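The sequence and the structure are shown below.

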Amino acid sequence: MRALAITLALLLALAGGGYFWLRQNSLQLAIPKSQVQERIDARLPFNGARGPLQYAVTRAAVDLRPDGRLAIDADITARALGADIGAELLGSGVLSYREGEFFLGDVAVEEVTLATGPPRQGGSRLRQAIDARARAALSGAQRLIEEEIRRHGGAILNAVLDKHPVYRLKQDNTKHELAKLVLEKIEVREGTLVVTLNPLRTK
(Lines give C-alpha, C1' and ligand atoms only; values in the text may rest on other atoms or scores of the structure.)
Protein backbone atom coordinates (compact mmCIF):
# COMPACT_ATOMS: atom_id res chain seq x y z
CA MET A 1 0.00 0.00 0.00
CA ARG A 2 2.84 2.38 0.84
CA ALA A 3 4.49 1.68 -2.53
CA LEU A 4 1.18 2.40 -4.26
CA ALA A 5 0.79 5.69 -2.41
CA ILE A 6 4.34 6.74 -3.35
CA THR A 7 3.77 5.83 -7.01
CA LEU A 8 0.52 7.79 -7.21
CA ALA A 9 2.05 10.75 -5.38
CA LEU A 10 4.88 10.88 -7.92
CA LEU A 11 2.36 10.96 -10.74
CA LEU A 12 0.53 13.97 -9.39
CA ALA A 13 3.13 16.21 -11.06
CA LEU A 14 2.69 14.62 -14.48
CA ALA A 15 -0.61 16.06 -15.64
CA GLY A 16 0.85 18.14 -18.46
CA GLY A 17 -2.20 20.38 -18.76
CA GLY A 18 -4.87 18.07 -17.32
CA TYR A 19 -5.30 17.41 -13.64
CA PHE A 20 -5.23 14.38 -11.34
CA TRP A 21 -7.08 13.37 -8.23
CA LEU A 22 -7.00 10.19 -6.18
CA ARG A 23 -10.04 8.11 -5.43
CA GLN A 24 -10.04 4.76 -3.69
CA ASN A 25 -6.42 4.03 -4.67
CA SER A 26 -7.15 4.89 -8.31
CA LEU A 27 -5.70 7.74 -10.31
CA GLN A 28 -8.21 9.86 -12.22
CA LEU A 29 -7.15 12.26 -14.93
CA ALA A 30 -9.26 14.94 -16.60
CA ILE A 31 -8.24 15.41 -20.24
CA PRO A 32 -9.57 18.58 -21.93
CA LYS A 33 -11.10 17.91 -25.32
CA SER A 34 -9.27 20.98 -26.63
CA GLN A 35 -5.88 19.35 -26.00
CA VAL A 36 -6.92 16.21 -27.85
CA GLN A 37 -8.11 18.35 -30.77
CA GLU A 38 -4.86 20.33 -30.85
CA ARG A 39 -2.82 17.14 -31.11
CA ILE A 40 -4.94 15.89 -33.99
CA ASP A 41 -4.87 19.23 -35.82
CA ALA A 42 -1.07 19.20 -35.64
CA ARG A 43 -1.08 16.00 -37.75
CA LEU A 44 -3.25 17.39 -40.55
CA PRO A 45 -3.38 17.31 -43.45
CA PHE A 46 -2.36 13.66 -43.50
CA ASN A 47 -1.60 12.00 -46.84
CA GLY A 48 -1.62 8.25 -47.33
CA ALA A 49 -2.39 5.41 -49.69
CA ARG A 50 -4.34 2.19 -49.46
CA GLY A 51 -4.26 -0.06 -52.49
CA PRO A 52 -5.13 2.04 -55.55
CA LEU A 53 -6.45 4.84 -53.36
CA GLN A 54 -4.47 8.01 -52.68
CA TYR A 55 -6.11 10.02 -49.92
CA ALA A 56 -5.68 13.09 -47.75
CA VAL A 57 -7.42 13.61 -44.41
CA THR A 58 -7.91 17.37 -44.26
CA ARG A 59 -10.04 17.75 -41.13
CA ALA A 60 -10.84 15.59 -38.10
CA ALA A 61 -12.98 17.10 -35.36
CA VAL A 62 -13.59 15.23 -32.12
CA ASP A 63 -16.41 15.52 -29.63
CA LEU A 64 -17.31 13.72 -26.41
CA ARG A 65 -20.03 11.08 -26.24
CA PRO A 66 -21.82 10.01 -23.05
CA ASP A 67 -20.56 6.43 -23.48
CA GLY A 68 -16.93 7.59 -23.19
CA ARG A 69 -16.10 7.16 -26.88
CA LEU A 70 -15.01 10.18 -28.90
CA ALA A 71 -17.14 11.14 -31.87
CA ILE A 72 -15.10 11.83 -35.02
CA ASP A 73 -16.16 14.00 -37.96
CA ALA A 74 -13.53 13.93 -40.70
CA ASP A 75 -13.17 15.23 -44.25
CA ILE A 76 -11.04 13.41 -46.79
CA THR A 77 -10.22 13.71 -50.47
CA ALA A 78 -9.48 10.54 -52.37
CA ARG A 79 -8.07 9.90 -55.85
CA ALA A 80 -7.72 6.81 -58.02
CA LEU A 81 -7.46 6.24 -61.77
CA GLY A 82 -7.56 9.97 -62.44
CA ALA A 83 -10.84 10.58 -60.59
CA ASP A 84 -11.49 12.50 -57.35
CA ILE A 85 -14.10 12.23 -54.64
CA GLY A 86 -14.54 14.18 -51.43
CA ALA A 87 -16.11 12.50 -48.44
CA GLU A 88 -17.13 13.19 -44.90
CA LEU A 89 -16.71 10.30 -42.46
CA LEU A 90 -18.69 10.19 -39.24
CA GLY A 91 -17.73 7.68 -36.59
CA SER A 92 -16.15 7.23 -33.20
CA GLY A 93 -13.02 5.96 -31.50
CA VAL A 94 -11.83 5.10 -28.02
CA LEU A 95 -8.78 6.09 -26.00
CA SER A 96 -6.13 3.53 -25.16
CA TYR A 97 -3.22 3.91 -22.74
CA ARG A 98 0.36 2.81 -23.36
CA GLU A 99 3.16 3.73 -20.96
CA GLY A 100 2.19 7.31 -20.23
CA GLU A 101 0.57 8.11 -23.57
CA PHE A 102 -3.04 8.09 -24.73
CA PHE A 103 -3.98 7.14 -28.28
CA LEU A 104 -7.28 7.48 -30.12
CA GLY A 105 -7.95 4.28 -32.03
CA ASP A 106 -10.43 1.47 -32.64
CA VAL A 107 -12.16 3.85 -35.04
CA ALA A 108 -15.50 2.70 -36.40
CA VAL A 109 -16.98 4.68 -39.30
CA GLU A 110 -20.76 4.80 -39.03
CA GLU A 111 -21.67 7.09 -41.94
CA VAL A 112 -20.02 8.18 -45.19
CA THR A 113 -21.30 11.12 -47.23
CA LEU A 114 -19.78 11.53 -50.67
CA ALA A 115 -19.44 14.42 -53.10
CA THR A 116 -18.38 14.23 -56.72
CA GLY A 117 -15.42 16.59 -56.26
CA PRO A 118 -12.83 17.45 -53.65
CA PRO A 119 -14.24 19.29 -50.60
CA ARG A 120 -13.99 23.05 -50.50
CA GLN A 121 -11.04 24.64 -48.72
CA GLY A 122 -11.34 25.68 -45.09
CA GLY A 123 -12.55 22.40 -43.62
CA SER A 124 -16.14 22.87 -44.79
CA ARG A 125 -18.63 20.16 -43.94
CA LEU A 126 -19.81 17.68 -46.55
CA ARG A 127 -23.11 16.53 -45.08
CA GLN A 128 -25.05 16.92 -48.34
CA ALA A 129 -26.14 13.39 -49.09
CA ILE A 130 -25.86 12.30 -52.70
CA ASP A 131 -29.28 11.48 -54.14
CA ALA A 132 -29.93 8.58 -56.48
CA ARG A 133 -29.42 10.67 -59.60
CA ALA A 134 -26.08 12.02 -58.46
CA ARG A 135 -24.83 8.57 -57.52
CA ALA A 136 -25.92 7.21 -60.87
CA ALA A 137 -23.70 9.83 -62.50
CA LEU A 138 -20.53 8.58 -60.78
CA SER A 139 -17.90 7.30 -63.15
CA GLY A 140 -16.46 3.83 -62.83
CA ALA A 141 -13.36 5.19 -61.14
CA GLN A 142 -15.45 7.22 -58.70
CA ARG A 143 -17.44 4.11 -57.82
CA LEU A 144 -14.19 2.33 -57.05
CA ILE A 145 -13.19 5.17 -54.74
CA GLU A 146 -16.59 5.09 -53.03
CA GLU A 147 -16.31 1.36 -52.37
CA GLU A 148 -12.79 1.72 -50.98
CA ILE A 149 -13.80 4.56 -48.67
CA ARG A 150 -16.79 2.67 -47.33
CA ARG A 151 -14.77 -0.50 -46.87
CA HIS A 152 -11.64 1.03 -45.37
CA GLY A 153 -12.79 4.32 -43.81
CA GLY A 154 -12.01 3.12 -40.29
CA ALA A 155 -8.52 1.98 -41.28
CA ILE A 156 -7.85 5.32 -43.00
CA LEU A 157 -8.72 7.28 -39.85
CA ASN A 158 -6.81 4.85 -37.65
CA ALA A 159 -3.72 5.55 -39.75
CA VAL A 160 -3.97 9.19 -38.67
CA LEU A 161 -5.16 8.82 -35.09
CA ASP A 162 -3.69 5.64 -33.64
CA LYS A 163 -0.03 6.15 -34.52
CA HIS A 164 0.67 9.30 -32.50
CA PRO A 165 -0.50 10.13 -28.97
CA VAL A 166 -3.32 12.61 -28.50
CA TYR A 167 -2.30 13.17 -24.88
CA ARG A 168 0.94 12.50 -23.03
CA LEU A 169 1.84 12.48 -19.37
CA LYS A 170 5.12 14.07 -18.43
CA GLN A 171 7.46 11.10 -18.31
CA ASP A 172 10.82 12.37 -17.03
CA ASN A 173 12.33 9.52 -14.96
CA THR A 174 9.05 7.80 -14.09
CA LYS A 175 8.41 5.82 -17.28
CA HIS A 176 8.76 2.53 -15.42
CA GLU A 177 6.01 3.67 -13.03
CA LEU A 178 3.73 4.75 -15.87
CA ALA A 179 4.08 1.30 -17.44
CA LYS A 180 2.57 -0.19 -14.28
CA LEU A 181 -0.72 1.62 -14.77
CA VAL A 182 -3.67 0.22 -16.70
CA LEU A 183 -6.68 2.05 -18.09
CA GLU A 184 -9.79 1.00 -16.21
CA LYS A 185 -12.56 3.37 -17.23
CA ILE A 186 -13.35 6.31 -19.51
CA GLU A 187 -16.30 8.59 -18.85
CA VAL A 188 -17.58 12.09 -19.60
CA ARG A 189 -18.29 14.48 -16.75
CA GLU A 190 -19.61 17.96 -17.39
CA GLY A 191 -18.07 18.10 -20.85
CA THR A 192 -14.66 16.78 -19.75
CA LEU A 193 -13.09 13.42 -20.55
CA VAL A 194 -12.17 11.63 -17.32
CA VAL A 195 -10.02 8.49 -17.36
CA THR A 196 -9.36 6.19 -14.42
CA LEU A 197 -5.98 4.48 -14.13
CA ASN A 198 -5.20 1.66 -11.70
CA PRO A 199 -1.92 0.03 -10.76
CA LEU A 200 -1.27 -3.18 -12.67
CA ARG A 201 -1.99 -6.08 -10.38
CA THR A 202 0.55 -8.86 -10.53
CA LYS A 203 0.22 -12.29 -8.98
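Is aspartate 84 buried, partly exposed or exposed? Aspartate 84 is partly exposed, because its relative accessibility is 27%; the classes are buried under 20% relative accessible area, exposed over 50%, and partly exposed in between, with a 1.4 Å probe and protein chains only.

The structure is a predicted model, in which local features need pLDDT of at least 70 and side-chain atom pairs count only at pLDDT 80 or more, while totals for chains, interfaces and linings use all residues. Residues are numbered from 1 along each chain as its sequence is written, and side-chain values use heavy atoms, with hydrogens and water left out.

**Salt bridges**

The whole structure contains 13 salt bridges, each defined as a side-chain nitrogen of Lys or Arg within 4 Å of a carboxyl oxygen of Asp or Glu.

| Salt bridge | N to O distance |
|---|---|
| Glutamate 88 and arginine 59 | 3.7 Å |
| Aspartate 67 and arginine 65 | 2.7 Å |
| Arginine 79 and aspartate 84 | 2.7 Å |

Aspartate 84 has arginine 79 as its salt-bridge partner. Arginine 79 is likewise classed as partly exposed because its relative accessible area is 39%. Elsewhere, salt bridges with shared partners connect Arg59, Asp73, Asp75 and Glu88 in one network.

Strands are DSSP runs (E, at least two residues), numbered from the N terminus. Glutamate 88 and arginine 59 are both buried.

**Strand pairing around β4**

Strand β3 (residues 46-50) runs antiparallel to β4, and five bridges join them; two strands pair if DSSP finds at least two bridges between them. Alanine 49 faces glutamine 54 of β4 across this pairing. Two residues separate the strands in the hairpin of β3 and β4, where glycine 51 adopts a positive phi near 60 degrees.

β4 also pairs with strand β5 (residues 70-80), in the antiparallel sense and over ten bridges. Here leucine 64 is opposite leucine 70 in β5. The hairpin of β4 and β5 has five residues between its strands, and glycine 68 in the turn shows a positive phi of about 90 degrees.

**Two buried strand residues**

Phenylalanine 46 is part of strand β3 and counts as buried because its relative accessibility is 17%. Beyond residues up to four places away in sequence, phenylalanine 46 touches Tyr55, Ala56, Val57, Ala159 and Val160, where contact means heavy atoms within 4.5 Å. From phenylalanine 46 to isoleucine 76 the C-alpha to C-alpha distance is 9.3 Å, with the two 30 residues apart in sequence.

Threonine 196 is located in strand β10 (residues 192-199). Threonine 196 is classed as buried because its relative accessibility is 2%. Neighbours within four places in sequence aside, the contacts of threonine 196 are Ser26, Leu27, Gln28, Val182, Leu183, Glu184, Lys185 and Glu187.

Methods. Helix = DSSP H or I, 4+ residues; strand = E, 2+ residues; numbered from the N terminus.
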